[in-house]
Amino acid sequence: MENKKYSKEMLFDFYQTMIRIRYFELKLTEYFTKGMLYGNIHTSIGQEAVAAGANKALEKTDFITATHRGHGQIIAKGADTKIMMAELFGKSTGYCKGKGGSMHVADVSLGILGANGIVGAGIPIAVGSALASKIKGTNEVSMAIFGDAASNQGVFHEAVNMSAAWKLPVVFLCENNSYGVSVNIHTVTNTDTIAERAKAYNIPGVTVDGNDPIAVYEEVKKAVEYARKGNGPSIVECMTWRVRGHYEGDRALYRSKEVEEGWSKKDPIDNFRNHLLKEGIEEHEIVSIEEITKKEIDDAIQFALDSPLPDYSEVTTDVYSDDNGRCVAR
Amino acid sequence: MATEVIMPQLGLTMEEGTIVNWIKQEGDKVNIGDVLVEISTDKLSSEIESEVEGILLKIVANEGEDIPVKGLIAIIGEEGESIDASAAPKTVEDIKDEEAVPKAAEAPKAAAVTETGRIKASPLAKKTAVDLGVDLIGLSGSGTGGRIIQKDVFEASENHEAQTAVQKAESEPTPAAVLAPAVQAAGADIVKPLTNMRKVIGKRMQASKQIAPHVTITTEVNVNKTVALRNKLNSKNADVRFSYTDILVKMAAAALRSYPIINSSITEDSFIIHDRVNIGIAVALDEGLIVPVVRDADRKGLKSITAETKELITKARANTLLPDEMSEATFTISNLGGYDIDGFTPVINLPECAILGVGRIVRKPVINENDEIVPASMMVLSLSFDHRVVDGATAAEFLKKLKGYLEDPDNMYV
Amino acid sequence: MKKITVSKAISEGLHEEMLRDENVIILGEDVGEMGNVFAITQGFQEEFGAHRVIDTPISEAGFLGMSVGAAMRGIRPVVELMYVDFIGVSMDPIMNQAAKMRYMTGGQVSVPMVLRAPQGSGRRNAGQHSQNLETFFTHIPGLKVVCPSTAKDAKGLIKAAIRDDDPVVFLEHRLLYAKKEEIPEGEYIIPLGKADIKREGKDITIITWSRQVYFALEAAAELAKEGIDAEVLDLRSLVPLDWEAIRESVCKTHNVVIVHEGVKRSGFGGELSAQITEELFDELDSPVERVAALNVVPPFAPTLEDAFFPHPEDIVKAVKKVLNK
């Protein structure tokens, strides 16, 4: 981590984004255990630096597609934690009026083209978004976020290939946490990194420390600028660690204790907090941000709890834009 | 001279028989009395014996085929005899040739009764039959597999109307509208068109009174024991409520078993004594009257009769009865006891030959066998019967039997 | 009126929409420089540029997914699968993305894309290039499914499909492309969800779509010689479904035969039959009959393929069976 390169405001921003994600997801685990959340919850606890760093490199007008483990990326792109929490509780005040839940949060006005429940499916969608920018002649960059395991989907290859061929403004952001549910990437892949596949497409590829938000920010920033200038896509691979299981309830017994302990010393939030102190930021200032953020998440929970579930009549709305009633009836 | 073997009528209600197994094969010599073929109907299995001596020249109906009564199934003749062209079974080629020619007016009709006795009719035909008051029983179907389709119902309806018209002309009945001085609506009078149900009831009641010579006999019954029985049953069974109608259905069905002639229908030149005892129950609706049917009441326990009548009456009132649930009654009960009526002369529901009218139960002083005046629960029964079929003495005996059951339900078991 | 082929009619519809709305783009295999194997987009790339008429790599899942993303951003992609059979490698973008995006996002996002795919039996293309897969799509809520038969319908419907804000699967029958028919001059639109009575009749309703419309008309002409007056109802789109038209016709004729070229088992005919039986039971004078392809793999040899999918004589036979004639 470099010294004095970034303003205090910016450092605080990285930190607050990370703790916002962490507090948000810790609340999810708490309420999941209480049996008050529906469906599956995939947390990104331990991976917050990737989300905070990468999204900081994007403009508000840029686009992302996120994964099933997408809370962090979506919060980092600017989603309102209240509305998001409400969605995760299936409430009518949520981003998707309770129709999407954890894996489908979207806010197009913030450039969030949705999390996705199908591994790899968001990758070509981001490429399509980049194609739209190119056709419209606008200069947004689209960032496809995906895990190491998604890089073995056929659409990864198809999407990277097409965007490379047509020099579309895309950044392929790989959150490499080494596991696709329970399978270690090295047991199913013959390359050391995902980024080195870039060679096959004749595009830039780089692997960075995914637990350092500044390192992520810097590499993604380069890729974004490269794309925005019309040079085409790059792959940025961020090495990180999924602290919890694939989903809540998975004890992740397929991972070795030593490796887990090794990563626990690299917690992005703990490390970055120390970094802030080293940078001369006062403890009380950090605590103050932490308290504000805790309060924000408590408010989000309260908002979600207080919000109503959608009315039964909502079940048939929003399937179609045109002629919805008739198309749903038969 | 070749002899045609036809599907015999083995029961009054039989409309077709199924070829089960040919015992004799083509070319076999047959003697009088030899079993030619085994057949079955919905009710029974039987064998057809040869009535002539000769050679089984041709099997026309194959195993598994349903053949209507009187339909040709085989030809017996002398060795080497050529079969009359008209009687000869059609070859596939013949049939093809016929199909190539545009069809003349009539498609082949077959009896529309399935092996289980269910009437095969299209949903549209059933609905149309209810609307037009056409009885599906006995109709032939021109649809696939003998299914009654709407056209058949229309035709039946026309026949029915034509028949009624003929009967009308013969007996020169005077319709109410002609007999009565002409009326015209005035002031606050309400003019309502006749509903289909009203029209059907009108037609049927008029036909019944015109066609069937009605005789009504009445008797008063001491129903103390039946009342006690009902009270006992109802207190013992919290989940069911037995009505007097239910009990009467059960008792009448038992009595009908002893006097099957009361459980019969009349046709042009015969009467059919029904094997099954199906009791119709007249149910009053706002717009008229409907008669759902408890089938095989003689074989059912009181509890299942009660459950069934309850369901039928609910359905009748909700207008959701299926045609099947309103057809094939062999005897009807009309209970006006609930309306404080003592006795009345019910009109027979043709083609049945009798109907029982039930009055209210009223406490009265009666003289018992010891010449004492005692209070008793009394009920008047009226039986209207068709004098073409039933005579007074038989009807009286039937009513006496029923009376005996009501006076002492134990009589049903002796 | 003018006389043009079905493929030219589709081409005209696409061309008019490309001119009308610059957000409309065309992409797929061989649609650019070659102008599609049936010349439907011939000359388009020169006229509109390679950024609006895009030759894709053979990456069906990739470019369908890409179309979804572009559509979410307000582009109106008309994406072509060279054969509908290729949906096998690319179903996810259609069924899990395009179809569901609007609902899953609580109505925030529309996916106004058109998936054009030729389909159909009869070209001796064997197992993997001869299927009719409309039920793949009708089974997925969120998709609209259009199956035009005539040149006039094809043009009017492709224009409606492009203007529709939902993902529309537009299934063209390959053996109809060369059919030359009269169509009106100038622009016109045929709304989705409007069936068309291609022949009026009173004895029986033949419900069908795509190429089988022509077979049904041939059958009806044959039946007329025997005094049977069949009505031929061309659904044109399966979702939305013109139930009113079906209801009216069934209530008129009381007998129904449904004809489609896809295999019978789980075909759309089963769905229609169920709806008719559920809602119009009392109108039926006979069981609803289906005429459809056999439940086998599309064969190659002409004898086998002809035995595989319905022909006019099969329809005639079915009608006679229903009417017991």
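The model is a predicted one, in which local features need pLDDT of at least 70 and side-chain atom pairs count only at pLDDT 80 or more, while totals for chains, interfaces and linings use all residues. Residues are numbered from 1 along each chain as its sequence is written, and chains are lettered from A and ligands numbered from 1 in the order in which they are written.

Two strands are said to pair if DSSP finds at least two bridges between them; helices (H or I, at least four residues) and strands (E, at least two) are DSSP runs, numbered from the N terminus.

Both strands belong to an open sheet of five strands in chain A, whose order is β1-β2-β3-β7-β6 and whose pairing is parallel. At its edges stand β1 (63–65) and β6 (205–209) of chain A, each of which pairs on one side only. On average, neighbouring strands of this sheet are turned by 20° against each other, direction ignored. Helix α5 (residues 122–136) of chain A packs on the sheet, where it touches β1, β2 (142–147) and β3 of chain A, and its direction makes about 175° with that of β2(A). Helix α9 (residues 213–228) of chain A also packs on the sheet, touching β3, β6 and β7 of chain A, with a direction at about 170° to that of β7(A). For these angles, axes are lines fitted to C-alpha atoms, for helices over the stretch in contact, and the values run from 0 to 180 degrees between N-to-C directions; residues are in contact if their C-beta atoms, placed from the backbone, lie within 7 Å.

How many of the residues of β3(A) are buried? Seven of the seven are, so this strand is largely enclosed by the rest of the structure. Buried here requires 20 or more other C-beta atoms within 10 Å of the residue's own, exposed means 12 or fewer, and partly exposed lies in between, with C-beta atoms placed from the backbone. In a regular strand the side chains alternate between the two faces of the sheet. In β3(A), V170(A), F172(A), C174(A) and N176(A) point one way, whereas V171(A), L173(A) and E175(A) point the other way, and all are buried.

With β2(A), strand β3(A) pairs in the parallel sense over six bridges, and in one of the pairs A144(A) has F172(A) of β3(A) as its bridge partner. Between β2(A) and β3(A) the chain passes through α6(A), in a β-α-β crossover that is right-handed, that is, clockwise from the first strand over the helix to the second when the strands point away from the viewer.

Chain A also meets chain C, with 37 residues of chain A in contact with 44 residues of chain C. On the chain A side, α5, α6 (154–165) and α13 (324–329) each supply at least two residues, and α5(A) contributes the largest share, 10 residues. This side of chain A divides into 20 nonpolar, eight polar and nine charged residues, where Ala, Val, Leu, Ile, Met, Phe, Trp, Tyr, Cys and Pro count as nonpolar, Asp, Glu, Lys and Arg as charged, and the others, Gly among them, as polar.

Chain C has 11 helices and 14 strands, and 62% of its 325 residues count as buried. It is touched by chain B as well, through 13 residues of chain B in contact with 13 residues of chain C. Helix α2 (residues 123–132) of chain B gives the most to the chain B side, with four residues, and by class that side has six nonpolar, five polar and two charged residues.

Chain B contains nine helices and 20 strands, and buried residues make up 31% of its 414 residues. One open sheet of chain B has six strands in the order β11-β20-β19-β18-β14-β17, with mixed pairing. Its edges are β11 (214–222) and β17 (293–294) of chain B, each with a single partner strand, so one side of each is left without a neighbour in the sheet.

Methods: Two residues are in contact if their C-beta atoms, placed from the backbone, lie within 7 Å.
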